[in-house]
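Hi,

Here is the structure I promised to pass on. Have a look at it first, and my notes come after.

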Amino acid sequence: MTASSKSAAQASTANPVSTEQSPAERGRALRDTLGQFATGVTVITTLDANGLPVGMTVNSFNSVSLDPALILWSIDRGSLSYDAFTQGERFVVHVLKGDQQHVSNLFAGRGADKFGQVKWHSGPGNIPQLDDCAALFHCRRAQNIEGGDHTILLGEVLEFSAGGGEPLIFHRGRYRALAGE
Ligand SMILES: Cc1cc2nc3c(=O)[nH]c(=O)nc-3n(C[C@H](O)[C@H](O)[C@H](O)COP(=O)(O)O)c2cc1C
């Protein structure tokens, strides 16, 4: 097999994808290979400049620091919610439970009516808070860091709580359940 005939599916540790591939092939392979990293799934909410609830599904969430308490996630510059999140003062991260695939799909819809179909209320700072989730983190937006076609948002955790339950997992473009212990 020549280097240029390598597809995303054929990328392997023995045949790394390199700069020899076309940008399109490389992009597809990079996305697929990053998908090997299993993550949880979150819905992150805020208010837009008109005070309307905004939210999106996010799996780039991660912990950064315990003291001070910091978390991060990254937002696509093309998201309709981009201005609301990159300019808003606060946001809330909801870690989804294993039975909340439908919530993940709902909030992954572009500009959809997301809040008409879930139970939520106004939490601290009036930020929309989903009634059901495995854990939540109320954050103050501490810093925006440029990251290519995304912007990394660093959040200072102000309040947090754990609802428990099994988490929703995302791996290779599919939802999964945790394997039994
Ligand atoms: C499992 C999953 C994880 C996602 N993670 C992110 C993410 O970390 N950052 C991001 O910008 N978009 C992410 N998305 C895509 C957004 O949820 C999607 O683009 C959404 O439509 C954005 O909403 P908006 O355009 O109404 O703002 C993810 C989607 C799914 C299904």
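Below is what I found, starting with the whole chain and ending with one residue.

Bear in mind that this is a predicted model: local features need pLDDT of at least 70, side-chain atom pairs count only at pLDDT 80 or more, and totals for chains, interfaces and linings use all residues. Residues are numbered from 1 along each chain as its sequence is written.

The chain has three helices and 12 strands (DSSP runs numbered from the N terminus, with helices being H or I of at least four residues and strands E of at least two). Its C-alpha atoms fill a box of roughly 55 × 40 × 35 Å along the principal axes. Of the contacts with a separation of 6 or more, 58% join residues 24 or more positions apart; a contact here means C-beta atoms, placed from the backbone, within 7 Å.

Now the sheet. Seven strands make an open, antiparallel one, in the order β3-β2-β6-β9-β10-β5-β4, where pairing takes at least two DSSP bridges between two strands. β4 pairs with β5 (residues 70-76) over three bridges, and S63 sits opposite I71 in β5.

Finally, L136, which lies in β9 (residues 135-147). Why does L136 count as buried? Because it has 21 other C-beta atoms within 10 Å, and the cut-off for buried is 20 or more (exposed is 12 or fewer, partly exposed is in between, with C-beta atoms placed from the backbone). Leaving out residues up to four places away in sequence, L136 touches V92, V93, H94, Q129, F160 and S161.

Cheers

Technical notes
Contact = placed C-beta atoms within 7 Å.
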